[in-house]
Amino acid sequence: MAEILHVGIDLGTSRSAISGSNGERFVVDSYVGWPADMVAKKVLKRAVLIGHDAVSNRTMLDLHRPLERGLLKEGSEKDVEAVRELLKHLLGLVGVSNGGKVAASDVRAVVGVPAAALRTNKQYLRNSMKGIVDSLLIVSEPFAVAYGLDALLHTMIIDIGAGTSDFCVMRGRYPTEEDQRTLTVAGDSIDAQLLKLVEERYPEANVTIFMVREWKEKHSFVGKAPEKIVVTAPIKGVPTELDITKEMKAACESLLSPVIETMLDLLARVEPEFQERVRNNIILSGGGGLIRSLPQALEDALKQVGGGAVRCMQDPVFVGSDGGLALALDAPDGDWEKLS
Ligand SMILES: Nc1ncnc2c1ncn2[C@@H]1O[C@H](COP(=O)(O)OP(=O)(O)OP(=O)(O)O)[C@@H](O)[C@H]1O
Ligand SMILES: [Mg+2]
């Protein structure tokens with residue numbers, strides 16, 4: 001009998017995770033870089049760098065983040081190649097070598113992608129998996145999350161990632177277009193906003209997008225400030241303390257009205273007798289779901305429509321890939337797309 005290896009992959013804008021049926025789990029930053037020139041090649045001694053390795057050597061690289069704003073940048077061949085390198089790397093980590101012919105004779109992958117990529121990039125994703133896995137199932141990220149949590153009936157998943165915020169109402173069957181929404185306000189847009197606000201207030205300070213992202217991941221909040229937020233950045237080369245409490249609040253709260261509006265709109269479309277159950281089963285996932293007081297802010301908004309409950313996943317890293325793996329293990333032969 002052929003040995004089957006099932007994997008669930010969460011292909012994210014900022015991080016990608018893989019869970020294998022052999023018990024292996026890995027997460028990498030979704031960056032791929034190629035040495036920029038002959039000097040870089042000599043220093044790095046590698047043909048391609050992936051994940052944290054790529055970010056920390058970025059000055060020497062032609063660096064790509066292939067899924068910005070939740071879409072594969074189809075125009076660019078390099079970005080399509082970057083997705084392929086990223087997928088190969090993830091599969092390599094769980095023990096599948098190129099072609100999948102060593103560790104198992106049949107590699108079956110469920111890949112969760114932002115809902116918008118599912119609509120427009122499916123063919124590209126399919127092509128990038130050719131020759132890497134044998135069978136493929138592409139699903140939307142929030143659906144993979146719902147599946148992994150066994151939250152399949154009368155629930156709403158709100159997955160706030162880096163590139164997109166994805167919404168999905170589960171009705172106990174595969175979700176359709178009408179059950180899902182994608183917004184491009186998410187972690188990256190908060191970072192851009194925060195960078196702009198900090199630069200406006202401290203025009204002399206030297207601040208990068210990588211620095212503000214780190215500050216956000218430590219200090220994000222909405223509502224009342226839990227503490228004063230003071231960070232350090234160089235002004236004319238001198239490390240200087242900057243109070244960014246107001247800027248952090250404003251940047252994080254830029255998420256609130258679009259997320260609330262979309263949540264209420266999807267709720268209003270649920271059949272009336274199930275609305276209350278869905279309102280009380282709202283699950284916040286993704287890194288953006290960790291913003292302090294965000295569940296409370298959403299619950300406050302739900303009060304206008306009769307109240308509800310929002311819980312957030314404390315450890316969102318593998319929720320999507322574990323859900324993909326659970327799906328892979330359950331999917332009948334007929335649901336798979338054969339690639340080889
Ligand atoms: N504690 C935190 N507070 C606020 N944001 C956070 C926190 N931790 C991580 N993030 C942000 O969450 C985002 C990453 O989340 P996640 O890994 O779910 O995204 P992704 O799956 O890569 O993106 P997408 O789902 O859009 O493709 C980044 O923008 C990151 O800065
Ligand atoms: Mg994600």
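In which sense do S9 and S10 pair, and over how many bridges? They pair in the antiparallel sense, over seven bridges. Pairing here needs at least two bridges found by DSSP between two strands. Helices (H or I, at least four residues) and strands (E, at least two) are DSSP runs, numbered from the N terminus.

A word on the model before we go on. It is predicted, so local features need pLDDT of at least 70 and side-chain atom pairs count only at pLDDT 80 or more, while totals for chains, interfaces and linings use all residues. Residues are numbered from 1 along each chain as its sequence is written, and chains are lettered from A and ligands numbered from 1 in the order in which they are written.

Back to S9 and S10. A hairpin of four residues joins S9 to S10. Ile157 has Cys168 in S10 as its bridge partner. On to S14, residues 282-285. S9, residues 153-160, pairs with S14 in the parallel sense, over four bridges. Asp159 has Ser285 of S14 as its bridge partner. Met156 stands opposite Ile282 in S14.

Now the whole sheet. It is open, has five strands and mixed pairing, and runs S11-S10-S9-S14-S15. S11 (180-183) and S15 (310-312) are the edges; each has a single partner strand, so one side of each has no neighbour in the sheet. Neighbouring strands are turned by 20° against each other on average, direction ignored. Axes are lines fitted to C-alpha atoms, for helices over the stretch in contact; angles run from 0 to 180 degrees between N-to-C directions.

What packs on this sheet? Helix H10, residues 256-269, touches S9, S10 (165-171) and S11. The direction of H10 makes about 20° with that of S10. Contact means that C-beta atoms, placed from the backbone, lie within 7 Å.

S9 is mostly covered, with six of its eight residues buried. Buried means 20 or more other C-beta atoms within 10 Å of a residue's own; exposed means 12 or fewer; partly exposed lies in between; C-beta atoms are placed from the backbone.

Next, the domains. Domain 1 is 4-145 + 318-338, domain 2 is 151-185 + 255-316, and domain 3 is 187-253. These bounds come from an automatic or database domain assignment. The C-alpha centres of domain 1 and domain 2 lie 26 Å apart. Where they meet, 16 residues of domain 1 are in contact with 16 residues of domain 2. On the domain 1 side, H4 (115-120) and H6 (141-149) are the elements that give two or more residues. H6 gives the most, with four residues.

In H8, residues 209-219, which residues are buried? They are Val212, Trp215, Lys216 and His219. They fall within an arc of 100° seen down the axis, so they line one face of H8. That arc is taken from the directions from the helix axis to the C-beta atoms. Phe210 and Lys218, on the other side of H8, are exposed. The buried residues of H8 pack against H7 (187-201), S12 (230-235) and H9 (245-253).

Then H5, residues 122-129. Leu125, Ser128 and Met129 are its buried residues. Their arc is only 100° around the axis, which puts them on the same side of H5. Their cover includes H3 (77-93), S7 (106-113) and S8 (135-140). After H5 comes Gly131, with a positive phi near 80°.

Methods:
Two residues are in contact if their C-beta atoms, placed from the backbone, lie within 7 Å.
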